[in-house]
Amino acid sequence: MQPDDLLPARGRRIPSEKRVLARSFRRNMTPAERLLWARLRADRFYGMGFRRQHFIAGYIVDFYCHSARLIVEVDGEIHARQQNEDAIREAALRERGLRIIRFSNDAVLHDVSGVLQAIASALQ
């Protein structure tokens, strides 16, 4: 059985400020996120469904595949300055049995095929 906070937001109570923030993130994706989303959306990637800017356990994750319990994060420069916060966030998400893989913006922009191969391996 899946915890409710892993399921789509419909029917769940999500704080309005988090809902607004997630919506803003979806509208203002980075170029790297846009590039990766174009490959993952609409079950295009090995028939797996991904959600973008999905709310889990009080956090907004970049991309989430519910059936594989996989979170894909695309990290910009800010993540170098917030390593402690990222570690706390990852621990909370891993406690829910989720797997997390991270890629830098540069990796996505300059080697999207390598990033997609790594995601495909994680889905296995």
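Here is a walk through this structure, from the overall fold down to a few single residues.

A word on the ground rules first. This is a predicted model, in which local features need pLDDT of at least 70 and side-chain atom pairs count only at pLDDT 80 or more, while totals for chains, interfaces and linings use all residues. Residues are numbered from 1 along each chain as its sequence is written, and side-chain values use heavy atoms, with hydrogens and water left out.

Let's start with the whole chain. Its secondary structure comes to six helices and four strands. Both kinds are DSSP runs numbered from the N terminus: helices are H or I with at least four residues, and strands are E with at least two. If you follow the sequence along, the pattern reads α-α-β-β-β-α-α-β-α-α. The chain has 124 residues, and 41% of them count as buried. Buried here means under 20% relative accessible area, exposed means over 50%, and partly exposed is what lies in between, using a 1.4 Å probe and protein chains only. Then there are the contacts, meaning heavy atoms within 4.5 Å. Among contacts between residues at least 6 apart in sequence, 61% join residues at least 24 apart.

Now for the strands. They make an open sheet of four, in the order S1-S2-S3-S4, with mixed pairing. Two strands pair if DSSP finds at least two bridges between them. S1 and S4 (99–104) are the edge strands, each pairing on one side only. From one strand to the next, the twist averages 45°. Helix H6 packs on this sheet and touches S2, S3 and S4, and its direction makes about 175° with that of S4. For angles like that, axes are lines fitted to C-alpha atoms, for helices over the stretch in contact, and the angles run from 0 to 180 degrees between N-to-C directions.

Look at strand S2 (residues 59–65), which is mostly covered, with six of its seven residues buried. On one side, S2 runs antiparallel to S1 (residues 51–56), and five bridges join the two. You can find Arg-51 with Tyr-64 as its bridge partner in S2, and Phe-55 standing opposite Ile-60. S1 and S2 form a hairpin with two residues between them. Ala-57 sits in that loop between S1 and S2, and its phi is near 50°, a positive value in a residue other than glycine. Ala-57 is partly exposed, at a relative accessible area of 22%.

S2 also pairs with S3 (residues 70–75), again in the antiparallel sense, this time over three bridges. Here Cys-65 has Leu-70 of S3 as its bridge partner. This hairpin has four residues between its strands, and Arg-69 in the turn has a positive phi of about 55°.

While you are at S3, find Glu-73, which belongs to that strand. Is Glu-73 buried or exposed? At 2% relative accessibility, Glu-73 counts as buried. Leaving out residues up to four places away in sequence, Glu-73 touches Val-61, Asp-62, Arg-89, Ile-100, Ile-101, Arg-102 and Phe-103. Take Phe-103 from that list: Glu-73 and Phe-103 are 30 residues apart in sequence, yet 6.3 Å apart in space, C-alpha to C-alpha.

Next, a pair of helices. Two packed helices are described by the angle between their axes and the distance between the axes. H2 (residues 31–40) and H6 (residues 112–123) pack at an angle of about 50°, with axes 11 Å apart. H2 and H6 are therefore oblique to each other; the scheme calls angles under 35 degrees roughly parallel, over 145 roughly antiparallel, 65 to 115 roughly perpendicular and the rest oblique. On the H2 side the contact is made by Leu-35, Leu-36, Arg-39 and Leu-40, and on the H6 side by Val-112, Val-115, Leu-116 and Ile-119. These residues divide into seven nonpolar, no polar and one charged. In that count, Ala, Val, Leu, Ile, Met, Phe, Trp, Tyr, Cys and Pro are nonpolar, Asp, Glu, Lys and Arg are charged, and the others, Gly among them, are polar.

One last stop is Tyr-46, in the loop between H2 and S1. Tyr-46 has a positive phi of about 55° although it is not a glycine. Tyr-46 is exposed, with a relative accessible area of 62%.
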